[in-house]
Amino acid sequence: MQPETIDGKTVKNLVIAHALNGAVVLGQPGGFAVLVKYGANERAVAAQRSRRMRIWRNLNTAAAYVRNELGLERFEIDMSEHDPAATERKRPDTAERQRKLHEAGEQDAWFRGQVQKAIDGIADGSNRVIFEDEWTQKAQLKRADLQRRIGAQGR
């Protein structure tokens with residue numbers, strides 16, 4: 001049976017309030033969970049944006065969390081449910097995330113190329129620089145034309 005969870009922000013508030021009575025690093029298939037004890041309650045630290053138990057891949061990182069983040073020098077370790085052979089952890093969102101990162105990299109490279117072309121065009125004279133006064137005048141003419149067309153549609 002999975003223990004109830006507690007989110008990281010609440011755990012930090014308990015640490016600030018010095019309300020933790022202890023912790024247990026609990027062996028799980030493929031890693032380790034951390035149970036915090038406060039009052040008569042014992043809850044597992046939840047993963048970010050999830051209500052599932054957070055699983056650390058190895059005992060050292062789980063122990064470092066208890067010591068450094070929770071400020072507890074002494075804590076229990078329960079290895080009864082630990083199965084080191086069950087280390088396969090699949091993240092179904094990884095492929096999609098990697099695809100999006102690749103697309104973002106391609107978009108960034110394209111954009112930087114377009115900017116460089118514009119800069120090169122200004123340097124070699126093939127792109128004309130439009131100064132602010134000229135740009136303002138063009139924008140005012142476009143705005144007036146749009147207002148005229150909008151007015152014509154209303155009739």
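Student: Which residues line the largest cavity of this predicted model?

Tutor: The model is predicted, and by the rule applied the count comes to one cavity of 30 Å³ or more. About 30 Å³ of space lies in the largest cavity. Its lining consists of Val11, Lys12, Val15, Tyr65, Glu69 and Leu70.

Student: Which element supplies the largest share of the lining of the largest cavity?

Tutor: Two helices, α1 (8-16) and α2 (59-69), each supply at least two residues of this lining. The largest share amounts to three residues, and these come from α1.

Student: How many residues of the lining of the largest cavity are charged?

Tutor: The lining includes Lys12 and Glu69, and Asp, Glu, Lys and Arg count as charged. By class, the lining has four nonpolar residues and no polar ones, and the number of charged residues is two.

Student: In what order do the strands of the open sheet stand, and which are the edge strands?

Tutor: Five strands form the open sheet, with mixed pairing, in the order β1-β4-β3-β2-β5. An edge strand pairs on one side only, and this holds for β1 and β5 (76-78). The edge strands are therefore β1 and β5.

Student: Which residue of β4 is the bridge partner of Val36?

Tutor: Strand β3 (residues 31-38) runs antiparallel to β4, and four bridges join them. Leu35 stands opposite Ala44 in β4. For Val36, the bridge partner in β4 is Arg43.

Student: Which residue in the hairpin of β3 and β4 takes a positive phi?

Tutor: The hairpin of β3 and β4 has two residues between the strands. The positive phi, near 55°, is taken by Gly39.

Student: What accessible area do the residues of the nonpolar surface patch have together?

Tutor: The patch is formed by Trp110, Phe111, Val115 and Ile119. One of these residues, Trp110, lies in helix α3 (residues 94-124). Together, the four patch residues have an accessible area of about 410 Å².

Note on methods
Residues numbered from 1 in each chain as written. Predicted model: local features only at pLDDT ≥ 70, side-chain atom pairs only at ≥ 80, totals over all residues. Heavy atoms only, no water. 1 Å grid on protein atoms, 1.4 Å probe; cavity = no way out; pocket = protein on both sides within 12 Å on 5 of 7 lines; lining within 4 Å. Points joined across faces, edges and corners; volume = space filled by probe spheres on them. Patch = residues over 30% accessible without salt bridge, like charges linked within 9 Å, V, L, I, M, F, W, Y side chains within 5 Å. Areas by Shrake-Rupley, 256 points an atom, 1.4 Å probe, with all protein chains shown as cover. Salt bridge = Lys/Arg side-chain N within 4 Å of Asp/Glu carboxyl O.
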